[in-house]
Amino acid sequence: MTRAERIQQVGYDYASRAKIRTDACNLCGSDDQVVLTHRDRYGFPAQTVACARCGLAAMNPRMAAREYAAFYAQWYRPLVSAYHGRTIDAVSVQREQQAYAEEMETLAGPYLEPRRGQSFLDVGGSTGVIAIHFAKRFGVDPTVIDPAPDEIQEADKFGLKTITGLMEEWDPGDRRYDVVGMFQTIDHLLDVKATLEKIRSLLREDGLFLVDIVDFRAACLKNASVELATKIDHPYSLTEFAMESYLARTGFDVLRRSYSADHHLVAYVCKPAAPRPDHLPERSEVRDFFRELRQVQNARPAAGGSA
Ligand SMILES: [Zn+2]
């Protein structure tokens, strides 16, 4: 069976799902949007736009929050499994997460070593693999929040403190954390700005924030396609310059950054700082980004490709 046939067999009807169109860029507020693509990697009619002012790429329109809740509960893993041609579920992802936990340990180790006994909130913490690894290795006290009930169920088996829900909707009351991590999650959020602001308000002033992005630029170049680098499960397609602008605006200073072993992810170690709400990426950076996307889109296809 071909990839397209496997995806069709999943039977997800994206076109009929309720969607929301957004006029203002989530990063800078501009309404000047450039349409980049008309389909995503699964072949769904999902449009990705980029802000002409700051270069933030996002799906627009995107599905409504309740549609995403249904998507993650029922369709997401089967669809990803169909795409890759192998079973990916709440159990199999734990192997990959363990490898990534060890990579994060190397990056964040020097900053986590002195934090024994401190609280650690893992946002989008999935089955809790990273939370447990950090607890064992650094003695931090973890809590996992994730919207997927079957992943939280796995985390519960390890005896972790868990919260089932969306970070955007969770009411933390007056709880504060020493360390917040958000791994392989930010691209799935429905509102990056609001979530980063919430994390900032949850973090103690001497706290630490660990976060990563799938680098959209790297994904476009690696796939030699912009379409293949977009997917409906990523409402946002972040780049280094957009992420660093988000961090500056919402009140974080970057202490350290790292490219992952597979060159796809960029991870950041951050500390709280005064927000710089007017921060924008360099204009030259945004211009280069658009030029690069056009080069990828217009590159002569390899032998066998069509004109
Ligand atoms: Zn913008």
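In this predicted model, helix H7, residues 216-223, packs against H9 at an angle of about 20°, and the two axes are 10 Å apart. An angle under 35 degrees counts as roughly parallel, so H7 is roughly parallel to H9. The crossing in which H7 passes H9 is left-handed. On the side of H7, the contact is made by Arg-217, Cys-220 and Leu-221; on the side of H9, it is made by Phe-289, Glu-292, Leu-293 and Val-296. Sorted by class, the contact of H7 with H9 has 5 nonpolar residues and 2 charged ones, with no polar residue.

Helix H9, which spans 283-298, also has a part in the way the domains meet. The domain assignment of the chain gives two domains, each written as two segments: domain 1 is 3-89 + 285-298, and domain 2 is 93-220 + 231-280. Their C-alpha centres lie 22 Å apart. Where the domains touch, 28 residues of domain 1 are in contact with 22 residues of domain 2.

H1 covers residues 3-10 and H2 covers residues 65-84; they pack at an angle of about 165°, with their axes 8 Å apart. Are H1 and H2 roughly parallel or roughly antiparallel to each other? An angle over 145 degrees counts as roughly antiparallel, and H1 and H2 are therefore roughly antiparallel. H1 passes H2 in a crossing that is right-handed. From H1, the residues that make the contact are Arg-3, Arg-6, Ile-7, Gln-9 and Val-10, and they meet Trp-75, Pro-78, Leu-79, Ala-82 and Tyr-83 of H2. The contact of H1 with H2 has 7 nonpolar residues, 1 polar residue and 2 charged residues.

Notes
Residues numbered from 1 in each chain as written. Predicted model: local features only at pLDDT ≥ 70, side-chain atom pairs only at ≥ 80, totals over all residues. Axes fitted to C-alpha atoms, helices over the stretch in contact; angles between N-to-C directions. Helix = DSSP H or I, 4+ residues; strand = E, 2+ residues; numbered from the N terminus. Parallel < 35°, antiparallel > 145°, perpendicular 65-115°, else oblique. Left-handed = near helix turned anticlockwise from the far one by under 90°. Contact = placed C-beta atoms within 7 Å. Nonpolar A, V, L, I, M, F, W, Y, C, P; charged D, E, K, R; others polar. Domains from an automatic or database assignment.
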